[in-house]
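My notes follow in the order I looked things up.

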Amino acid sequence: MERSMEADEPRHCAWCGRRLPGSGRIGRPRRYCAQPCRQRAYERRAALQRGGLPEDAVVLSTAELADLQDRLFQLRCAAEDVVTAAQDGAENDELRKLAAELVESAKGLERLR
């Protein structure tokens, strides 16, 4: 039986973003890593319906927004460091190190919760 390319890609929890274990089961794929994530997602959907917001709306607390803004600032600074180092004629090893830091900042930004 041939498996699709999509089945080989890692899946992530629709609530917290943690990587979901491969189930190898037949049927609907898991969307959440655990019952608490499933419950929080249900509560969010219910609150959105009560508030009249569209289902695809993203609601962030003030603390979550501040955290997101901090991580965006870190990403911009890391990118500026790479540009500055390249303009100053930095060695390849230094540019590789700065690029790796840029990738790590971007990975941190992928996490919203």
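With which residue does Arg76 form a salt bridge, and how far apart are the closest N and O atoms? I found Glu80 as the partner, with the closest N and O atoms 2.7 Å apart. I note that the model is a predicted one.

I placed Arg76 and Glu80 in helix 3, four residues apart, about one turn of the helix. I then looked up accessibility for the pair. Arg76 has a relative accessibility of 44% and counts as partly exposed. Glu80 is partly exposed as well, at 38%.

I went on to Asp67, which forms a salt bridge with Arg71. Their closest N and O atoms are 2.9 Å apart. Both residues belong to helix 3, which covers residues 62-87, and they too are four residues apart, about one turn of the helix. Is Arg71 buried or exposed? I read 7% relative accessibility for Arg71, so this residue counts as buried, the limit being under 20%.

I next checked Arg96, which pairs with Asp93 in a salt bridge. Here the closest N and O atoms are 3.1 Å apart. Both lie in helix 4, residues 92-110, with a spacing of three residues, about one turn of the helix. I found both Arg96 and Asp93 exposed. The count for the model comes to six salt bridges; I followed up some of them here.

**Helix 3 against helix 4**

How do the axes of helix 3 and helix 4 cross? I read an angle of roughly 165 degrees, with the axes coming within 9 Å. Angles over 145 degrees count as roughly antiparallel, so helix 3 is roughly antiparallel to helix 4. The crossing of helix 3 past helix 4 is left-handed.

I listed the residues in contact. On the helix 3 side they include Leu68, Arg71, Leu72, Gln74 and Leu75. On the helix 4 side they include Leu95, Leu98, Leu102, Gly108 and Leu109. By class, the contact has 14 nonpolar, three polar and three charged residues. Arg71 therefore has two entries in these notes, as a salt-bridge partner of Asp67 and as a contact residue towards helix 4.

Last, I looked at Gly108, which is found in helix 4. Gly108 is partly exposed, at 24% relative accessibility. I read a C-alpha separation of 9.7 Å between Gly108 and Gln74, which are 34 residues apart along the chain.

Definitions and conventions:
Residues numbered from 1 in each chain as written. Predicted model: local features only at pLDDT ≥ 70, side-chain atom pairs only at ≥ 80, totals over all residues. Heavy atoms only, no water. Salt bridge = Lys/Arg side-chain N within 4 Å of Asp/Glu carboxyl O. Helix = DSSP H or I, 4+ residues; strand = E, 2+ residues; numbered from the N terminus. Buried < 20%, exposed > 50% of the residue type's maximum accessible area, 1.4 Å probe, protein only. Axes fitted to C-alpha atoms, helices over the stretch in contact; angles between N-to-C directions. Parallel < 35°, antiparallel > 145°, perpendicular 65-115°, else oblique. Left-handed = near helix turned anticlockwise from the far one by under 90°. Contact = heavy atoms within 4.5 Å. Nonpolar A, V, L, I, M, F, W, Y, C, P; charged D, E, K, R; others polar.
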